Amino acid sequence: GVLSTWPDITVYSRQQQVDLLLSGMVDKARRQLGLFRVLLIIISTIILALIIYTLTLDKLHDIAMLKLMGARNSVIAGLILQQSLLIGALGYGLAYWLGGYAFPRFPRLVVIETADLIQLAAIVLGISLLASVVGIAKAMRVEPNKVLA
């Protein structure tokens, strides 16, 4: 009442105070963390794709041999996909283990909920699937007669 009539004072209701806090510093920090997450996902995808591509390049002779022996493209693609998923699963497991070890030692409380873990697993699965595409594409272009040269 009386305070709101003073020219140098602004009075906020409880809901207005909450909205002001959430739309101010908290929202800015949330958006910065979101951008950081997106960048990490993009960089992780690129790194995993390069690893799978390099591993596929190392096996081009073996892939050509498999094709010469009559292996279907789906079998070869499945092997590369399995390799990518295994690398993703190992990365997820390592991150889970390191998080369990490191988070209790942080100066602030870090709360990881089950929904966060499921979301992270889905992201890792998506990264693994997307990264395997590059290796699979390279493996499909290998000619079986390359092994004879």
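Modeller: Helices are DSSP runs of type H or I with at least four residues, strands are E runs of at least two, and both are numbered from the N terminus. This is a predicted model: local features need pLDDT of at least 70, side-chain atom pairs count only at pLDDT 80 or more, and totals for chains, interfaces and linings use all residues. Residues are numbered from 1 along each chain as its sequence is written, and side-chain values use heavy atoms, with hydrogens and water left out.

Colleague: Which helices each supply at least two residues of the nonpolar patch?

Modeller: They are H3, residues 60-68, and H4, residues 73-102. H3 gives the most, with three residues.

Colleague: What makes the nonpolar surface patch, and how many Å² is it?

Modeller: It is made by Met65, Leu66, Leu68, Met69, Val75, Leu79 and Leu148, and covers about 640 Å². Patch residues need over 30% relative accessible area and no salt bridge; nonpolar side chains (Val, Leu, Ile, Met, Phe, Trp, Tyr) are joined within 5 Å, and like charges within 9 Å. The areas come from the Shrake-Rupley method with a 1.4 Å probe, and for residues only the protein chains shown count as cover. Leu66, one of the patch residues, is found in helix H3.

Colleague: Why is Ser84 called buried?

Modeller: Buried means under 20% relative accessible area, exposed means over 50%, and partly exposed lies in between (1.4 Å probe, protein chains only). Ser84 has 0%, so it counts as buried. Ser84 sits in helix H4. The buried residues of H4 are Ile76, Ala77, Ile80, Ser84, Gly88 and Gly99.

Colleague: What do the buried residues of H4 pack against?

Modeller: They pack against H2 (25-58), H3 and H5 (114-140). Take Ser84: its contacts (heavy atoms within 4.5 Å) are Leu48, Ile52, Ser128, Ala131 and Ser132, leaving aside neighbours within four places in sequence.

Colleague: Why is Thr56 called buried?

Modeller: Thr56 has 2% relative accessibility, so it falls in the buried class. Thr56 lies in helix H2. Apart from neighbours within four places in sequence, Thr56 touches Ile63, Ile80, Gly135, Lys138 and Ala139. Thr56 and Gln83 are 27 residues apart in sequence, with their C-alpha atoms 10.0 Å apart.

Colleague: Which residues of the largest nonpolar core touch the most other members?

Modeller: They are Leu48, Ile63, Ile76, Ile80, Ala139 and Val142, out of 15 core residues. H2, H3, H4 and H5 each give two or more residues to this core. H5 gives the largest share, four residues. What makes it a core is the rule: buried Ala, Val, Leu, Ile, Met, Phe, Trp, Tyr and Cys residues, joined through side-chain atoms within 4.5 Å. Val142 also touches Leu60, Ile63, Ala64 and Lys67, not counting residues up to four places away in sequence.

Colleague: Why is His61 called partly exposed?

Modeller: His61 has 44% relative accessibility, so it takes the middle class. His61 lies in helix H3. His61 and Pro144 are 83 residues apart in sequence, yet 8.9 Å apart in space, C-alpha to C-alpha.

Colleague: And why is Arg105 called exposed?

Modeller: Arg105 has a relative accessible area of 55%, so it is exposed. Arg105 is found in the loop between H4 and H5.

Colleague: Which residue forms a salt bridge with Asp27 at 3.1 Å?

Modeller: That is Arg31. Asp27 and Arg31 are four residues apart in helix H2, again about one helical turn. Shared partners join Asp27, Arg30 and Arg31 into one network. The whole structure holds two salt bridges.

Methods: Salt bridge = Lys/Arg side-chain N within 4 Å of Asp/Glu carboxyl O.
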